[in-house]
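Please study the sequence and the model before reading on.

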Amino acid sequence: MSSNFLILLLPLLGALIAGLFGRIIGLRLSQLATIIGVGGSLALSIMAFMSVAVGDAPTIHEPIFSWIVSGSFKVSFAILIDRLTAVMLIVVNGVAFLVHVYSVGYMEDDPHQPRFFSYLSLFTFAMLMLVTGDNFLQLFFGWEGVGLCSYLLIGFWFKKESACNAAMKAFLVNRVGDFGFALGIFAIYMIFGTLDYAEVFELAHQTGTYPAQTAFPLFGQVDTITLICMLLFMGAMGKSAQLGLHTWLPDAMEGPTPVSALIHAATMVTAGVFLVCRASPLFELSEFALAVVTLVGAFTAFFAATVGMVQNDIKRVIAYSTCSQLGYMFFGAGVSAYAASMFHLMTHAFFKALLFLGAGAVIYAMHHEQDMRKMGGLVRKIPITYALMMIGTLALTGFPYLAGYYSKDAILESAYAAHTTVGMIAWTLGIAAAFMTTFYSFRLVFMTFHGKPASEKAYDHAHEAPWVMRFPLVVLAVGAVIAGAVGAPMVGADWFQSAIQLVEGHDALEHAHHVSGLAKWAPFIMFLFGLGASYLLYVLKPDMPGRIAKSWPGVHQFLLNAWYFDRLYERLFINPAKVIGHGLWKTGDETIIDGYGVNGLANTIGRWAQAMRRLQTGYMYHYAFAMLVGVLVLVTLYAA
Amino acid sequence: MLSLVTFLPLIGGLLIFLAVRDQSDSSASTAKYIALGVSLLTFLLSLRLYVGFDLTTAEFQFLEEVPWLPEQGIVYRMGIDGISLPFVLLTALLTPICILASWESITHRVKEYMIAFLALESFVIGVFCALDFILFYILWEAMLIPMFLLIGVWGGPRRVYAAMKFFLYTLGGSVLMLIAVLALAHKGGTFSIPELMAIPFDFGFQIFIFLGFFVAFSVKVPMWPVHTWLPDAHVEAPTAGSVILAGVLLKMGAYGFLRFSLPMVPDASRYFMPMIFGLSLVAIVYTALVALMQKDLKKLIAYSSVSHMGFVTIGLFAFNQQGVEGGILQMVNHGVVSGALFLLVGVVYDRLHTREIAKFGGLVHRMPVYAVIFMIFTMASVGLPGTNGFVGEFLILLGAFLTNKAVAMVAATGLVLGAAYMLWMFKKVVFGEIQNKAVESITDVNAREVAMFVPLLILVFWMGFYPGPFLEIMHVSVENLVQQATAVKTGVASVAAMAH
């Protein structure tokens with residue numbers, strides 16, 4: 001058994017120990033088992049990263065065992081570590097380890113901690129399965145696995161009706177995306193006869209060996225590769241909360257805050273981005289699919305940023321921010337700047353996990369209060385948390401030389417340098433979103449830490465988090481400062497080697513360094529505007545936001561209700577499903593099939609039924625005898 | 001060997017009949033122990049079938065042939081292949097579990113109950129092993145009697161209505177099947193099932209035979225719109241009755257399609273493929289929507305069964321290796337998972353004497369182990385990767401996609417709807433605050449109940465992570481079946497054209 005296999009196995013073992021024996025071995029040992037599991041996996045991941053990504057060792061590729069075999073269909077579990085996976089390994093295991101440690105402090109009062117740590121480690125395992133697969137089905141395995149863990153962790157406090165509903169919503173909305181993903185996998189197998197990445201990508205580039213057009217229900221003849229990409233992207237939209245399938249992410253904040261940091265900011269929600277980058281050899285072959293990815297990403301970045309500006313729940317602000325940043329990653333991938341997209345995925349993991357865990361420290365300090373309107377002035381009570389949150393905020397908003405400055409600019413500049421219409425649309429929306437990002441991020445900081453305390457009592461009791469919670473924050477803060485500068489080589493030429501292959505002419509990222517002054521300076525200008533506007537509204541004139549909301553109540557409500565997506569879906573899908581279900585049951589089954597069919601038939605032969613009842617003596621051999629006689633009579637009649 | 005496995009339970013029943021003379025408690029417990037012992041022994045013997053099974057041939061194995069009515073050419077002929085073996089094993093596994101499930105909940109006429117159950121096991125295994133049509137038909141009909149009694153005698157308040165409905169529905173189907181069987185034997189000149197598979201029939205005759213079988217099998221599956229007996233039967237049946245009904249009896253119809261329709265009348269089967277697809281799709285979507293609105297736990301699971309069996313029939317009529325293997329695997333999966341779900345309902349019914357979803361809520365606080373088991377089977381039912389449900393559903397949908405994309409697409413909506421009603425139910429029953437006072441003092445699963453679930457839990461993960469051993473059993477037989485089913489038997493070119 002190779003050490004790479006242990007990368008997957010250790011978190012699973014930790015999860016099983018804490019999950020199955022948590023009651024027996026107790027809390028501390030459960031924590032220890034899961035932390036050691038993930039920590040060990042992290043250490044091995046770093047070793048793998050060193051050899052594959054820093055050194056020039058060849059891609060690691062080891063089969064584990066054969067999973068499903070049926071006819072010519074064969075799929076195995078395997079470990080594939082190329083540079084793309086290596087980056088993900090560091091991100092996933094790094095954040096997972098820190099979140100495990102942080103949770104020791106954050107969850108200290110919870111009676112169900114072994115279960116919590118078990119879920120966290122199980123999630124880590126599923127996420128690692130997702131990123132290390134060498135085929136689409138193992139990816140799907142991890143994909144649904146992280147979905148399950150997300151469901152379990154959002155609903156961790158299952159006493160709360162709202163938490164249960166949020167968990168269910170997350171699962172179901174993701175299932176809608178997975179519906180497309182599954183069809184995409186079928187289509188890949190139908191066209192290429194395999195689900196293995198390497199084989200699929202190689203065959204896909206041999207145009208002419210497979211049908212260029214494929215018939216698809218409702219759409220007629222469509223381009224084969226475009227079809228596959230669009231179906232896969234549907235899955236990505238669900239998992240990464242892109243416009244239309246995003247509605248579960250804000251509600252997912254019902255889960256404990258460490259969960260939000262790990263799953264709903266740093267790792268799981270980026271799985272969609274990973275999927276698009278992993279399947280980049282396919283996406284590269286379809287301009288249409290790339291354009292759709294770009295536009296969906298750009299509109300999500302814009303949409304989520306507008307909504308983030310008016311939310312009052314500290315976690316919801318960060319959730320919409322995540323949604324928006326994922327949009328950036330997608331439009332980066334859409335203009336073929338996959339490397340920039342992965343770069344942003346990595347830096348975002350640091351500063352967004354920092355912001356979430358920082359928000360967790362605030363919530364912890366405020367005794368589980370999440371409404372920012374009830375906070376204020378906390379800078380004096382929890383200065384360390386404030387400093388760390390400020391670092392995260394600056395990194396997110398693109399303050400020069402911090403992490404986000406490198407990665408977000410790389411995406412925006414690539415979009416600009418693509419010199420296409422969709423690229424320009426994406427750039428424009430992205431720049432607008434950059435302004436809003438700075439605005440809502442500083443709004444969060446100002447409302448929480450500055451001004452006068454809204455509640456004296458809560459303020460008086462506020463206290464700094466213990467060291468187990470502060471240590472992960474410090475590590476993440478260091479990452480948020482240096483990840484951009486350190487990771488910058490990722491966007492250099494061919495860093496990802498064969499994992500990302502661009503077709504001729506898709507050179508936006510290469511040209512990104514040479515964009516004009518305006519495009520280069522625009523994000524920083526937006527940073528200044530956003531900071532200024534936020535400072536004006538929430539520090540200098542704190543009564544102004546209320547007055548603005550009053551003068552445009554329609555706009556305010558529209559944004560506060562996140563463009564009314566939830567209400568739309570309820571009217572469009574949920575209510576009709578209930579009405580139809582009830583109708584089919586009462587009218588279809590009971591009135592028509594049973595009423596006219598079965599019982600009607602039974603009544604017409606009522607006398608026969610009466611006779612049957614007299615025959616119902618209750619002795620089995622009577623029935624058996626009658627039956628056998630009947631059969632024998634029939635046989636004899638026939639044979640005679 | 002096959003006859004031993006088949007009739008051992010019946011012999012056990014006879015033993016109970018002879019050994020237990022009264023209705024006292026000690027007699028009842030003797031009956032229970034005999035039944036459990038015999039069914040466990042049957043299961044162990046059935047494992048020998050698996051061990052001795054030759055994976056490399058599609059021929060029937062463990063053949064037994066004894067002339068019965070030589071003048072009519074009726075032979076006592078038994079044998080199994082890779083298509084019937086999984087069901088023999090499933091039946092042998094589920095029966096001891098069912099007997100354990102009845103341990104405390106059945107309190108009157110225990111002796112008769114155990115006899116009925118063992119007889120049922122014999123007949124069911126016999127149906128899967130029979131290779132002579134008359135033998136098959138007798139066992140097929142005989143099976144109805146103990147099931148009818150289980151519902152009618154040990155069932156709930158509306159048991160007579162439910163039992164009658166069940167009986168009339170299936171009897172109606174059986175009559176037409178008998179006609180088809182006789183016609184088939186008349187034309188083919190034999191009652192031997194393997195021989196009939198090799199005989200080409202003309203297209204018109206195939207159509208006639210297919211329809212005769214179709215009525216009988218579609219009732220058993222059950223397919224929409226002849227499914228309405230199932231919710232009633234499940235609601236009224238005792239827990240173990242529901243388990244065996246969902247676990248094994250529902251497999252009869254689909255097994256019939258596999259054993260008779262596809263290989264014997266392949267041209268007609270292909271001709272009617274669109275009809276089967278249509279009805280299956282309606283079943284998947286229709287019953288999933290109906291399941292969403294159910295207030296009774298058992299009814300919800302019953303409707304989900306119809307929806308899941310819709311997947312199975314799609315897989316079988318996809319006419320390719322993936323679809324058929326997925327279909328067979330999904331039948332076994334469904335036997336394991338919905339069997340377990342009915343057991344889970346039984347566990348809380350025994351404690352609270354209600355199945356109304358609204359009466360539960362917050363079970364997790366008092367029954368943490370139960371909650372975990374429930375969660376695992378819920379996820380298996382939803383088809384989460386890593387559980388058996390995924391492998392079956394995936395292969396079915398893949399097979400369907402290769403045959404007809406639109407069918408796969410509509411069927412795949414079942415993935416979303418199935419998750420919706422299962423998770424909703426789980427949330428209402430297990431999560432949340434305790435609403436009902438009675439739940440406050442409820443106890444978690446005991447050792448006997450855990451013993452029922454453990455084998456099923458093992459299967460869920462084993463078949464989910466490493467389905468190889470299960471799929472291997474069927475590879476060769478299914479390959480052979482797909483060849484038979486896709487070959488044009490009549491040799492008339494226009495028929496092939498019609499089938500497309």
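Where in H20(B) does a kink lie? This is a predicted model, in which local features need pLDDT of at least 70 and side-chain atom pairs count only at pLDDT 80 or more, while totals for chains, interfaces and linings use all residues. Residues are numbered from 1 along each chain as its sequence is written, chains are lettered from A and ligands numbered from 1 in the order in which they are written, and side-chain values use heavy atoms, with hydrogens and water left out.

## Helix H20 of chain B

The kink, of about 30°, is found at B:Phe453, shortly before the proline B:Pro455. The bend at a residue is the angle between axes fitted to the seven residues ending there and the seven starting there. H20(B) covers residues 447-465; helices (H or I, at least four residues) and strands (E, at least two) are DSSP runs, numbered from the N terminus. Its 19 residues reach 27 Å from first C-alpha to last, close to the 27 Å expected at 1.5 Å a residue, where the expected span is 1.5 Å times one less than the number of residues.

Among the buried residues of H20(B) are B:Arg448, B:Phe453 and B:Leu456; buried means under 20% relative accessible area, exposed over 50%, and partly exposed in between (1.4 Å probe, protein chains only). The buried residues of this helix pack against several elements, including strand E1 (60-70) of chain A and helix H14 (321-352) of chain B.

## Helix H1 of chain B

A kink of about 40° lies at B:Leu8 in H1(B), shortly before the proline B:Pro9. B:Leu8 and B:Pro9 are among the buried residues of this helix. The elements that cover its buried residues include helix H2 (25-51) and strand E1 (61-69) of chain B.

## Where the two chains meet

In chain A, 68 residues are in contact (heavy atoms within 4.5 Å) with 83 residues of chain B. The two chains bury about 6700 Å² between them, 79% of it on carbon and sulfur atoms; buried area is the accessible area (1.4 Å probe) that two parts lose on being put together, summed over both.

Across this interface the rule finds 1 salt bridge, defined as a side-chain nitrogen of Lys or Arg within 4 Å of a carboxyl oxygen of Asp or Glu. A:Glu161 forms a salt bridge with B:Lys427, and the closest N and O atoms are 3.5 Å apart. The largest share of the side of chain A that touches chain B, 15 residues, comes from H5(A).

## Salt bridges within the chains

Over all chains the count comes to 25 salt bridges. One of these joins A:Arg175 and A:Glu144, with the closest N and O atoms 2.8 Å apart. A:Arg175 lies in helix H5 and A:Glu144 in helix H4 of chain A, so the pair ties together parts that are 31 residues apart in sequence. A:Arg175 is buried, at 4% relative accessible area, and A:Glu144 is buried at 5%.

In chain B, a salt bridge links B:Arg158 with B:Asp232, whose closest N and O atoms are 3.7 Å apart. B:Arg158 is partly exposed, with a relative accessible area of 44%, whereas B:Asp232 is buried at 9%. B:Asp267 and B:Arg270 also meet in a salt bridge (2.8 Å, N to O). Both residues lie in helix H11 of chain B, 3 residues apart, about one turn of the helix.
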